[in-house]
Amino acid sequence: MARQRVHMSAEEVAAFLAAKRRAIVGTRAPDGGPDGEPAALACAGGEVRFSVPRDGPTARNLRHDPRLVVSVEEFPSYAGIKGVAVHGRAVAVGDDGERTSFRVAAPRIESFDFAKMPR
Amino acid sequence: MAPRLETPAAEDFLRAHTRTFLLTLRPDGAPTCHPMVGLWRDGALWLNTYRKSAKVRNLTAEPRVACVVVTDDDEPRFRGVVLRGRAEVVPAPVAVAGGPDARAARPPGVSAEVTHRVRERLAEGKRVLIRIVPEAVRLVGEHG
């Protein structure tokens, strides 16, 4: 697919992420295989931040390997699919005893907006 | 007869939901995510994609994958199921002969036109089916 033609602009990505409260975070488990978990998303000021249960698989996995992907997708209909994936490294920024918060360092962003698909 | 998952709630959830985030490992070992449609049939999750896609390349090199299947945006309670297991690429003619007609299913939100195009590309061999038999299953979110 000609991905570059369906990219969102940096402004569109920032607005899309700022409006979302949930993401799927992909990590690598200590057994070497990939793992995933829904996370609470909070993006602002150009930073991607999320929190997960401190004793859950994502927080555990990130202690072994900080590489991650944060995926957000909107699927109102096939033609309306929009999505952003943020690849990078997790840095723990807080822990309230129940949940650990992370920010994504060195983010690389991929995006797609099917409404921009030529038809 | 299809094996039952140990968690009946997970199986009920998977029958009713198709929104799937597939996690694979890239050649450098970093995780990546592919939002897709997943259909639960006969003890396995079935996905459908281009044979030459990055996800097929990734899971051919490293068949261990995870899938997070979640509720749609308009459902009031957010719930999901996380599966971990091994992925296998199944050419469409084999899958069709094998029974579960993943080609015939039309997930919610996908038009008849798109479904028709997908079936044509499966028949041509441009698309393939991915079958994932879970080895570990867990519930996430607000299950009752």
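**View 1. The open sheet of chain B in this predicted model.** Seven strands of chain B line up as S2-S1-S5-S6-S7-S4-S3, with antiparallel pairing. Strands S2 (31-37) and S3 (39-41) of chain B are the edges, each pairing on one side only. Neighbouring strands are turned by 35° against each other on average, direction ignored. Strands (E, at least two residues) and helices (H or I, at least four) are DSSP runs, numbered from the N terminus; pairing takes at least two DSSP bridges between two strands. Axes are lines fitted to C-alpha atoms, for helices over the stretch in contact, and angles run from 0 to 180 degrees between N-to-C directions. The model is predicted: local features need pLDDT of at least 70, side-chain atom pairs count only at pLDDT 80 or more, and totals for chains, interfaces and linings use all residues. Residues are numbered from 1 along each chain as its sequence is written, and chains are lettered from A and ligands numbered from 1 in the order in which they are written.

**View 2. Strands S6 and S7 of chain B.** Twelve bridges join S6 (residues 79-90) to the antiparallel S7 (residues 127-141) in chain B. B:Val81 has B:Leu139 of S7(B) as its bridge partner.

View 3. The buried residues of H2(B) are B:Lys55, B:Val56, B:Asn58 and B:Leu59 (buried: 20 or more other C-beta atoms within 10 Å of its own; exposed: 12 or fewer; C-beta atoms placed from the backbone). The face turned away from the buried side of H2(B) carries the exposed B:Thr60 and B:Ala61. The buried residues of H2(B) pack against S1, S2, S4, S5, S6 and S7 of chain B (contact: C-beta atoms, placed from the backbone, within 7 Å).

Note on methods: Contact = placed C-beta atoms within 7 Å.
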